[in-house]
Amino acid sequence: MEQDIAIEVKNLTKVYKLYDKPMDRLKDSLGLLRKKKYREHLALNKVNLTVHKGETVGIIGTNGSGKSTILKIITGVLSPTEGEVKVDGHISALLELGAGFNMEYNGIDNIYLNGMMIGFSEEEITKRLDAILEFADIGDYVYQPVKTYSSGMFVRLAFAVAINIDPEILIVDEALSVGDVFFQAKCYHKFEEFKEQGKTILFVSHDLSSISKYCDRAVLLNQGVMLGEGTPKKMIDIYKQVLVGQYPLPKGEGENLLDDEEIRAAAAKAADGKTGSKADVVKSGEGKSQARKDSENPDTLEYGDGAAVIEDFFVTDSKGTVTNSIIKGTDFTVHMKVRFNRDVAAPIFAFTFKNIMGIEITGTNSMVEKAFLEPVAAGEVKDISFSQKMNLQGGEYLLSFGVTGFEQDNFTVYHRLYDALNVTVVSDKNTVGYYDMESRCTVTDAK
């Protein structure tokens, strides 16, 4: 194991035995079963992962993809069926919140219990006790049995213990998405402190904005297979394809997915599944506006089943001029031109603004705006426009477009273009955060 590696996972496989009856599980554990009475569930399939010291790595994927399982194996809670895990550094893990807490003990007792389980002496825990209590901020409840705590108190104490024992490696499973907004802000601030201190962080989250903001790298799992690893933006984009069932399959067991060309090829192939075809997508490039050509992203992620094709998209300013530069505080309009290759009962047209880190800042769609809830026939072409005031801060943004809908209650993507267009917001006054609330400040003499 190289010196700069904190966690190394090789060919990790985990198989669970699923029994129909508890008695079969007992008999199997005692070696009394004469024939197999269980089904095997492959939770992880030959996964390889390397986390370098000082890295913050996020793991994303749908429910049942193996995210929590791999964390439990890394922390030693579970044993792998095959493969090996090497860890260099002191781990603090926050998996199932409060795991290891004794419900009959009070908060103080559980702090010492958990600290000692992690490997600290009583003296070392005592030195950290004030910091833990201050972070948890549950007052005198810390002297009451944990079983009397609300879920919020439970979360506060569990997280406070995990992050205040000065770990070299912090492993977190969805813990940042619980608790009230003030506690979540405190947790994220601690995350930033850890990153500044060069500590290694590995965490699972369904909050894609957190993955994009805090992670140096993201790993995508699906049904126990590692689909890929790379920049958070790239993995999040692929994850969104997974969510709608439109993504390239891995080359082989345990291998990573995909370069950009393969993604594009698979997206085009997906379009062949219905009346839309790869040729339709290619022809959509004809008639592009000049503004689109000037500001179009050559690495746009494009996929869909081909029922509809976004043939053109552009932005106009308050004067109706096609442009990719909008002055903050002025009106502007987002335009789409969509051709339908088959009948669609109720298409939904959408756009989204992201910042350059890949965090979705704002967006809307025709269903939310209650602007269009009608069926469309094959061969029809629709012009869609969204008009609003530009209140985003000055800077560079990426604009995405989509046409989706529901077919027999199943969400379906007809065509999506991620990060298709660069939009520059020009401003001589930037406030704090993502957008300007257009505050009006008044200062008068006190009475």
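Mentor: Let us begin with a definition: buried means under 20% relative accessible area, exposed means over 50%, and partly exposed lies in between, with a 1.4 Å probe and protein chains only. Please note that this is a predicted model, in which local features need pLDDT of at least 70, side-chain atom pairs count only at pLDDT 80 or more, and totals for chains, interfaces and linings use all residues. Residues are numbered from 1 along each chain as its sequence is written, and side-chain values use heavy atoms, with hydrogens and water left out.

Trainee: Which residues of α4 are buried?

Mentor: In α4 they are Ile125, Leu129, Ile132, Phe135 and Ala136. Across the chain of 447 residues, buried residues make up 47%.

Trainee: Why does Arg156 count as buried?

Mentor: Its relative accessibility is 15%, and the limit for buried is under 20%; therefore Arg156 counts as buried. Arg156 is placed in helix α5, residues 151–163. Helices are DSSP runs of H or I with at least four residues, strands are runs of E with at least two, and both are numbered from the N terminus.

Trainee: How do you know that the length of helix α4 agrees with its number of residues?

Mentor: The expected span of a helix is 1.5 Å times one less than its number of residues. Helix α4 (residues 122–136) has 15 residues, so it should span 21 Å; its end C-alpha atoms are 19 Å apart, which agrees.

Trainee: What is centred on Arg128 in α4?

Mentor: A kink of about 45° is centred there. The bend at a residue is the angle between axes fitted to the seven residues ending there and the seven starting there. After α4 comes Asp137, with a positive phi near 50°.

Trainee: What makes β2 and β4 edge strands?

Mentor: Two strands pair if DSSP finds at least two bridges between them. The open sheet has 3 strands in the order β2-β1-β4, paired antiparallel. Strands β2 (38–52) and β4 (82–87) each pair on one side only, and they are the edge strands.

Trainee: How many bridges join β1 to β2?

Mentor: Strand β1 (residues 5–19) is joined to β2 by 11 bridges, and the two run antiparallel.
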